Amino acid sequence: MDNNKTLKIHFLGASGTVTGSKYLLEFPDCTVLTDCGLFQGLKKLRELNWQQLPVRASDIDYVLLTHGHLDHTGFLPRLVKMGFKGEIWGTAPTLDIAEIILRDSAKIQEEDAERANRDGFTKHSPAKPLYNTLDVEKTLKLFESKPLDDWIRLGNNIRMRFRYNGHILGATFIELDADENRIVFSGDVGRKDDFLLRDPAKPDRADFLFLESTYGDRIHPHSDNLKKLRQVILDTTEQNGTLIIPSFAVERAQLLMYMIYLLHLEESIPRSLPVILDSPMAISALSVFRKHPGWHKLSDEQCMGMTDRIIAVQSYSETLELIDNPESKIIIAGSGMVGGGRVLSYLEKYIGKEETTILLAGFQAEGTRGRQLLEGADEIKFFGNYHNVKARVDLLEGLSAHADRNGLLDWISDIEAAPSHLFLTHGEPHALDSLRVKLKDEYGWNSDIPELYDIKEI
């Protein structure tokens with residue numbers, strides 16, 4: 001910005017926490033919201049989804065999406081209900097994935113409200129979904145896909161472009177040029193040498209940098225995840241047990257399918273063991289992989305091979321049949337943090353059995369059932385009741401789609417001059433502060449850790 005103009009930044013989410021990503025930029029002649037995510041995890045965070053934003057949705061001109069995950073897109077229907085009528089931009093695969101996730105989110109909320117009202121485990125009369133499928137349809141009409149790497153004008157002296165970022169299919173970081181300054185939103189930075197995705201591109205300049213900090217306090221272990229998955233599968237089947245893998249429907253479910261496909265190819269697990277993908281959203285996401293082959297590493301042959309080795313479940317009646325089947329099996333079902341979805345129906349049946357294994361395969365945010373299981377909870381609550389945890393709980397470490405601390409440091413390594421303003425976001429407090437210290441020690445860069453609803457003028 002030039003000396004006579006002010007940029008006002010509103011931190012509306014993912015500030016001091018990893019969920020609810022929303023960053024509002026008020027330029028003199030244009031208002032832009034980067035990401036529009038849903039809060040997840042702790043109840044005090046989830047309740048924020050029901051509150052009005054401290055800004056007027058009708059004043060926002062554009063929403064720019066870094067990628068399609070719920071914590072970056074899941075608030076969009078609420079924003080539209082609040083009066084947003086602008087344009088929602090993202091890459092083509094990001095918008096395809098966002099459509100799948102938003103439709104699924106609305107359906108789950110409608111089903112959860114119906115179940116709560118039917119079974120009476122609600123304090124509300126009646127329980128209502130945060131938004132419904134009609135709200136999602138209104139939102140989808142505002143979607144506009146944009147290409148990678150092309151500069152697109154937003155307003156006078158303001159332009160933006162999407163850059164490839166790994167993480168999940170379609171994911172990007174965003175560069176905004178305003179007058180003589182470059183503003184960079186990291187989004188969620190992917191990892192090098194991913195099974196499915198290419199290495200992230202890197203920014204070479206950032207006057208104002210918004211950097212995610214999910215794993216800012218740790219290094220991913222250099223573990224052999226194929227070997228670990230194979231051993232967990234064999235240990236569980238030796239006990240005639242069922243392996244339940246709560247999974248994020250986008251990227252993680254496809255990665256797990258690919259890993260099982262590789263284990264089948266090397267004949268290290270029995271082909272006769274049923275592999276069940278009980279996530280209509282994950283099945284739909286696989287079709288997005290086929291639709292956008294230039295965004296990932298998989299060949300058509302590999303996509304087909306993965307699909308041929310699984311039982312894809314669409315209807316809930318099929319879920320009920322599988323739940324009652326006592327045979328050993330592998331179940332991949334949503335959601336990844338055990339927050340909802342069909343995995344809860346399986347856990348209701350199997351979590352109290354010692355021969356069951358629950359294998360967590362990604363980051364588990366504070367306040368989620370996945371975090372509770374990871375920390376050794378002896379009971380967890382869902383469907384209005386407490387359920388004793390007798391199942392073995394294990395973790396596939398190093399499968400995260402997020403760069404670790406070293407990956408984040410590498411991602412910024414091409415930036416020649418220190419950002420005049422560096423904001424650390426999308427992290428829990430310890431991760432944020434650890435990355436702040438590391439950036440100071442390694443680069444001499446000073447960082448700001450904003451809190452929710454902070455406003456910065458620069």
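Ser335 sits in the loop between β15 (329-333) and α11 (343-350). The model is predicted.

Asp35 is not glycine, yet its phi is positive, near 65°. Asp35 also lies in a loop, the one between β3 (30-34) and α1 (43-46).

**Domains**

The chain is divided into two domains. Domain 1 is made of residues 8-218 and 401-457. Domain 2 covers residues 225-395. Their C-alpha centres lie 27 Å apart.

The UniProt record, an unreviewed entry, places the feature "domain: Beta-Casp" at residues 253-373. Over residues 253-373 the chain is 46% helix and 12% strand.

**Where the domains meet**

On the domain 1 side, 33 residues are in contact with 30 residues of domain 2. Together the two domains bury about 2900 Å² between them. Carbon and sulfur atoms account for 71% of that area. Which three residues supply more than any other three of the area that domain 1 buries against domain 2? They are Leu169, Phe195 and Leu196, with 26% of the area that domain 1 buries.

Polar links cross the interface too. Nine residue pairs are in polar contact between domain 1 and domain 2, both residues of each pair being at pLDDT 80 or more. Helix α4 (residues 92-119) gives the most to the side of domain 1 that touches domain 2, namely nine residues. The residues on that side of domain 1 divide into 19 nonpolar, seven polar and seven charged.

**Salt bridges**

Side chains of opposite charge can pair when their charged atoms come close. The structure holds 27 salt bridges. Two salt bridges are found across the interface of domain 1 and domain 2. The table gives two pairs from the structure.

| Salt bridge | N to O distance |
|---|---|
| Lys291 and Asp96 | 3.1 Å |
| Arg103 and Glu99 | 2.8 Å |

How far apart are Arg103 and Glu99 in helix α4? They are four residues apart in the helix, so about one helical turn separates them. The closest N and O atoms of Arg103 and Glu99 are 2.8 Å apart. In the other pair, the side chains of Lys291 and Asp96 meet with N to O at 3.1 Å.

How values were computed: Residues are numbered from 1 along each chain as its sequence is written. This is a predicted model: local features need pLDDT of at least 70, side-chain atom pairs count only at pLDDT 80 or more; totals for chains, interfaces and linings use all residues. Side-chain values use heavy atoms; hydrogens and water are left out. Domain bounds come from an automatic or database domain assignment. Contact means heavy atoms within 4.5 Å. Buried area is the accessible area (1.4 Å probe) that two parts lose on being put together, summed over both. A salt bridge is a side-chain nitrogen of Lys or Arg within 4 Å of a carboxyl oxygen of Asp or Glu. A polar contact is a pair of N or O atoms within 3.5 Å; within protein, one must be able to donate a hydrogen and the other to accept it, and residues adjacent in sequence count only if both atoms are side-chain atoms. Helices (H or I, at least four residues) and strands (E, at least two) are DSSP runs, numbered from the N terminus. Ala, Val, Leu, Ile, Met, Phe, Trp, Tyr, Cys and Pro count as nonpolar, Asp, Glu, Lys and Arg as charged, and the others, Gly among them, as polar. UniProt positions are given in the numbering used here, feature names are shortened, and annotations may be inferred rather than shown by experiment.
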